[in-house]
Amino acid sequence: MDTRGRLVVALSVLAAVVGVALLIAGVTAFGRADDARTRAAAVRRERLVLEARTARAERNIDAPISEAERVAKSVTTIVEASDKVITESATTNEVLDRAVRLSNSGRRAAANELIAGEGATSVQGLRDSLARAQGAVAAAELATRNLGAGTP
């Protein structure tokens, strides 16, 4: 073989070696990429688990605060409902007082008319206010029991 033939053989061998090396490097890189994808998927799963744990922990931490807020709000609702009961009671008392004055002055028909109309409406408003106040008390009692028991 002449020099040219040897050079062609040497270059062919070198190209084959480089090709094999590139093939090995490619397979290795493909394997590493596959490993990286597997690790990335595992990290994503771990992140989801940690996010779920964090959310549960935050709910557990906030639960007593939420219950305490619910108790405080229920007390406010009781006070507001009680104010409404007092206002409705005063209104009903005024209507009935006017009816008594009418009756005492001899105007019984006007007194009966006042009681049947405005008086009945006022008494119904008072009953509704009392029912709301009783509901507010029941809600406050439940919220207080839940706070004491540690359940939402």
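Predicted model: local features only at pLDDT ≥ 70, side-chain atom pairs only at ≥ 80, totals over all residues.
Local features are reported only at pLDDT of at least 70 and side-chain atom pairs only at pLDDT 80 or more, whereas totals for chains, interfaces and linings use all residues. Residues are numbered from 1 along each chain as its sequence is written, and side-chain values use heavy atoms, with hydrogens and water left out.

The protein contains two helices and zero strands; helices (H or I, at least four residues) and strands (E, at least two) are DSSP runs numbered from the N terminus. Of its 152 residues, 15% are buried, where buried means under 20% relative accessible area, exposed over 50% and partly exposed in between (1.4 Å probe, protein chains only). Taking contact as heavy atoms within 4.5 Å, residues 24 or more positions apart account for 71% of the contacts with a separation of 6 or more.

The largest nonpolar core is made of five residues, namely Val-95, Ala-99, Leu-102, Ala-111 and Leu-114. Such a core is a set of buried Ala, Val, Leu, Ile, Met, Phe, Trp, Tyr and Cys residues joined through side-chain atoms within 4.5 Å. Helix 1 (3-104) and helix 2 (108-149) are the elements that give two or more residues to this core, and helix 1 gives the most, with three. Apart from neighbours within four places in sequence, Ala-111 is in contact with Ala-99, Leu-102 and Ser-103.

Ser-129 lies in helix 2 and is buried, with a relative accessible area of 1%. Beyond its neighbours within four places in sequence, Ser-129 is in contact with Lys-84, Val-85 and Glu-88. The side chains of Lys-84 and Glu-88 also meet in a salt bridge (3.4 Å, N to O), a term for a side-chain nitrogen of Lys or Arg within 4 Å of a carboxyl oxygen of Asp or Glu. These two residues are four apart in helix 1 and therefore separated by about one helical turn. Lys-84 is partly exposed at 37% relative accessibility, while Glu-88 is buried at 16%.

By this rule there are three salt bridges. Asp-97 pairs with Arg-101 (2.6 Å, N to O), again four residues apart in helix 1; Asp-97 is partly exposed at 38%, as is Arg-101 at 49%. Glu-118 forms a salt bridge with Arg-98, their closest N and O atoms being 2.6 Å apart. Because Glu-118 lies in helix 2 and Arg-98 in helix 1, this pair ties together parts that are 20 residues apart in sequence.
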